[in-house]
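The following note sets out some points on the nonpolar cores and on strand pairing. Please read it alongside the model.

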Amino acid sequence: MDKKKVAVPLVCHGHSRPVVDLCYSPITPDGFFLISASKDSSPMLRNGETGDWIGTFEGHKGAVWSCCLDTNALRAATASADFSAKVWDALTGDVLHSFEHKHIVRACAFSEQDTHLLLTGGVEKVIRIYDLNRPDAAPREVDKSPGSVRTAAWLHSDQTILSSCTDMGGVRLWDVRTGKIVQTLETKSSVTSSEVSQDGRYITTADGSTVKFWDANYFGLVKSYNMPCTVESASLEPKFGNKFIAGGEDMWVHVFDFHTGDEIACNKGHHGPVHCLRFSPGGESYASGSEDGTIRIWQTGPLTQDETEALAANGKVKVPAEEVSRKIEGFHIADEGKLKEKEEAGNE
């Protein structure tokens, strides 16, 4: 049997409770960034390449279930059990808008085209669209969701919304213009993770012990793979689409071949179930968040010759870590003693 090389991740401490959501920004002139949501009510922003902590968004009074960054990494949004969704200035950490809901908010997402729309959903079974250019205006509500909203995302240049429910299977696709469900992607178990691939070709879902890939334009099932355990999250490698990651109750981060479903690697290190996984925008690493309160950033390993040539042909340039300094300088850094307390609490 081939002996697999043991991966050593970057371990990011700071959260004192389970990490339940992760989101990378696209690559910006300042590099790329990683935001994390945790049950400790304090989302954190990090340098996406090094994992270095930049700052903590302080203001929620309940568990934060979902987080996202806009395309320029200038604003962040979070969804919380305190019945609110907040929009933050990602340069200063200040709250820009706080949208009150009538129950727990489980999902949030910025629109991709001009990032002035914010999508929210949760236990109310209502999907709302807020216009950030008119934050005082009432949000638009699409038709009532059949169940409590677990995940929500934009598709088709913000013309379609996809959502899943906590208490039933399937992914529902909504036409933004009519507010009606136009298609349902059927799954046996409730979908705990949904992701639209960077090129817009695939929808990746995790339900129970299955990871599925759907055609994002024709909605047919492309591939379905049974996992070695119940998985909570899955993510497709964004550049070449040749591998995907999945993690869940067995506390390991599994790497699979997209075309065959064969397991390529199994990364061990977390001390609790893996709740969330995401590839970095360049595909050179991926992050995992766990019940143990840590985030781990794993390198995908050296590129193959084919991948190197493809990157060269695409003219992709890696952004040095030093270029994130402009963003770090502007952020209201939380008290270092407080961060140390959180790290110690997370290690207990």
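**Strand pairing and nonpolar cores**

1. A287 stands opposite I297, a residue of strand β27. The coordinates come from a predicted model, and the points below should be read accordingly.

2. The pairing that contains this contact joins β26 (residues 285-290) to β27 in the antiparallel sense, over five bridges. The two strands form a hairpin with four residues between them. In this hairpin, G293 adopts a positive phi near 85°.

3. β27 also pairs with β1 (residues 10-12), again as an antiparallel arrangement, here through three bridges. Within this pairing, V11 has R296 of β27 as its bridge partner.

4. Buried here denotes under 20% relative accessible area.

5. Turning to the cores, the largest nonpolar core comprises 25 residues. The members that touch the most others are I35, L45, F110 and L118. At least two residues of this core are supplied by each of β2 (19-24), β3 (33-38), β6 (64-69), β7 (75-80), β8 (84-89) and β10 (105-110). β6 contributes the most, with four residues.

6. As general background, nonpolar side chains in soluble globular proteins tend to be buried together.

How values were computed:
Residues numbered from 1 in each chain as written. Predicted model: local features only at pLDDT ≥ 70, side-chain atom pairs only at ≥ 80, totals over all residues. Heavy atoms only, no water. Core = buried A, V, L, I, M, F, W, Y, C linked by side-chain atoms within 4.5 Å. Buried < 20%, exposed > 50% of the residue type's maximum accessible area, 1.4 Å probe, protein only. Pairing = 2+ DSSP bridges.
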